[in-house]
Amino acid sequence: MSRGGEMVYIPDDSDFSSFRDQCESLEGWHCRYNKAGVTVWSQGQEESCTVQKIKTRISCKDVPAETLYDVLHDTSYRKKWDSNMIETYDIGRLTVNADVGYYSWKCPSPLKNRDFVTLRSWLPLGNDYMIINYSVKHPKYPPRKDFVRAVSLQTGYLIKANGDGACTLYYLTQVDPRGSLPKWVVNRVSQFVAPKAMKKIYKAGLKYPEWKRRHDPEYKPWVYPEQNTLPSVSLAELSVQHADSLENIDETGDRSGHSGTGQRDARLCTAM
C-alpha cells in the first residue's frame with residue numbers, strides 16, 4: 001500500500017477513496033462463499049505464488065455503523081471477542097486519525113504464532129466509516145524470536161450505515177503470513193476462516209453497548225482525539241516492512257507446548 005514501495009506515509013482522501021472503491025466494486029473479484037448473509041470474494045489465482053486479496057461482506061442487523069466502528073477501535077473490548085488474539089496495544093500516535101500499533105495472534109500447532117506492527121488510519125465519512133492499515137518497521141519493536149513477523153500489504157474495514165440501526169461491514173485484506181506455508185494454502189483457508197471471523201465481529205457489535213456502559217463509557221479517543229494520551233511518533237522513525245526482508249521460518253516440525261490448538265477458529269495463520 002505504501003507509495004513507491006519505500007516511503008511510509010499517512011493515507012489521504014485518495015487512499016480512502018481507492019479502498020472504498022475496492023470494497024464496493026465487483027469487477028475482477030471472484031465469489032468464493034455466499035451464505036447466511038456473508039459473502040467472500042478473492043482476487044487473483046488460488047494457486048498463485050502471490051497472496052490474494054480477500055474481501056468479505058456481512059449484513060449486521062441491529063448494529064449501527066458507529067457501534068461497529070467503536071468495536072473495531074476499542075482494544076480493551078477486543079480481548080472479549082477475539083479468541084485468537086494474544087496481545088494488542090497502541091505504540092504511538094502520528095496524527096488525530098493515525099497511529100502505530102502492535103497485534104499478535106495464535107496459530108495452530110506446529111506453526112509459530114504471528115505478529116504485526118502496522119500504521120493504521122481511520123476516517124468517518126458521513127454515516128460511513130473506514131479503517132485501513134499496512135505494515136511498518138519501528139526500531140523499538142523489531143521481530144521477536146517467539147513470533148513470525150507477518151506483513152499486511154493492505155488491510156481494512158468499510159462500515160456502511162443502512163439506516164434503521166443496521167450496517168454492512170466490508171473487510172478487505174492482503175496479508176503475507178511468512179513462514180513456509182504455500183501461498184495457495186493460505187489463500188484457500190482464508191476464504192473459510194473469514195466468514196466465521198466476520199460473524200464473530202457482528203456478535204461483538206450486538207454486545208458492545210452494554211459492555212461499554214460498564215467500562216469507561218465516555219472514553220473514545222478514536223472519536224475524541226483530545227482523550228488520546230499516546231506518545232507522538234514521527235514518520236521519520238518508521239520504514240516500510242517488506243516481506244522479502246524477513247526470515248522464512250521452517251514450520252514443518254511439531255511445536256512443544258501447543259497441543260490442542262488445531263481446533264481454533266484460525267485454521268492457518270490469518271488475522272482479522
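## Two loop residues with positive phi

Let's start in a loop: D216 is found between α4 (183-213) and β11 (239-240). Its phi is near 50°, a positive value in a residue other than glycine. Bear in mind that what you are looking at is a predicted model.

Why look at such a residue? Most residues other than glycine have a negative phi. D62 also has a positive phi without being glycine, with a value near 65°. D62 sits in the loop between β3 and α2 (65-73). Is D62 buried or exposed? With a relative accessibility of 64%, D62 counts as exposed.

## Helix α1 and its buried side

Now over to helix α1, which runs through residues 13-24 and has twelve residues. From its first C-alpha to its last, α1 reaches 16 Å, close to the 16 Å expected at 1.5 Å a residue. The buried residues in α1 are D15, F16, F19, R20, Q22 and C23. Those residues cover an arc of only 160° around the axis, so they end up on the same side of α1.

What do the buried residues of α1 pack against? They pack against five strands: β3 (53-60), β6 (114-125), β7 (128-137), β9 (151-163) and β10 (166-176).

## A closer look at Q22

Pick out Q22 in helix α1. Q22 counts as buried because its relative accessibility is 16%, and the cut-off for buried is under 20%. Which residues does Q22 touch, once its neighbours within four places in sequence are left aside? The contacts of Q22 are W29, K53, K55, Q154 and L172.

One of those contacts, K55, has another partner too. The charged end of K55 sits over the ring of W41, 5.0 Å from the centre of that ring.

## Aromatic pairs

Next come the rings. A pair of aromatic rings is described by the distance of the centres and the angle of the planes. The count here comes to ten aromatic pairs. Take Y77 and Y208: their ring centres are 4.9 Å apart and their planes are at 65°, so this pair is edge-to-face. Y77 lies in helix α3 (residues 75-81) and Y208 in helix α4, so the pair ties together parts that are 131 residues apart in sequence. Both Y77 and Y208 are buried. Together with W211, Y77 and Y208 form one aromatic cluster.

Y89 and Y141 make a tilted aromatic pair, with 6.2 Å from centre to centre and 50° between the planes. How many residues apart are Y89 and Y141? They are 52 residues apart, and the pair links distant parts of the chain: Y89 is in strand β4 (residues 85-95), while Y141 is in the loop between β7 and β8 (148-149). Y89 is partly exposed, with a relative accessible area of 23%. Y141 counts as partly exposed as well, at 26% relative accessibility.

## V148 and F116

Last stop: strand β8, where V148 lies. V148 is buried, as its relative accessible area is 2%. How far apart in space are V148 and F116, C-alpha to C-alpha? The distance is 8.8 Å, while in sequence V148 and F116 are 32 residues apart.

How values were computed:
Residues are numbered from 1 along each chain as its sequence is written. This is a predicted model: local features need pLDDT of at least 70, side-chain atom pairs count only at pLDDT 80 or more; totals for chains, interfaces and linings use all residues. Side-chain values use heavy atoms; hydrogens and water are left out. Helices (H or I, at least four residues) and strands (E, at least two) are DSSP runs, numbered from the N terminus. The expected span of a helix is 1.5 Å times one less than its number of residues. Buried means under 20% relative accessible area, exposed over 50%, partly exposed in between (1.4 Å probe, protein chains only). The arc is that of the directions from the helix axis to the C-beta atoms. Contact means heavy atoms within 4.5 Å. Rings of Phe, Tyr and Trp (its six-membered ring) pair if their centres lie within 6.5 Å; planes under 30 degrees apart count as stacked, over 60 as edge-to-face and the rest as tilted. A charge sits over a ring if NZ of Lys or CZ of Arg is within 6 Å of the ring centre and within 35 degrees of the ring normal.
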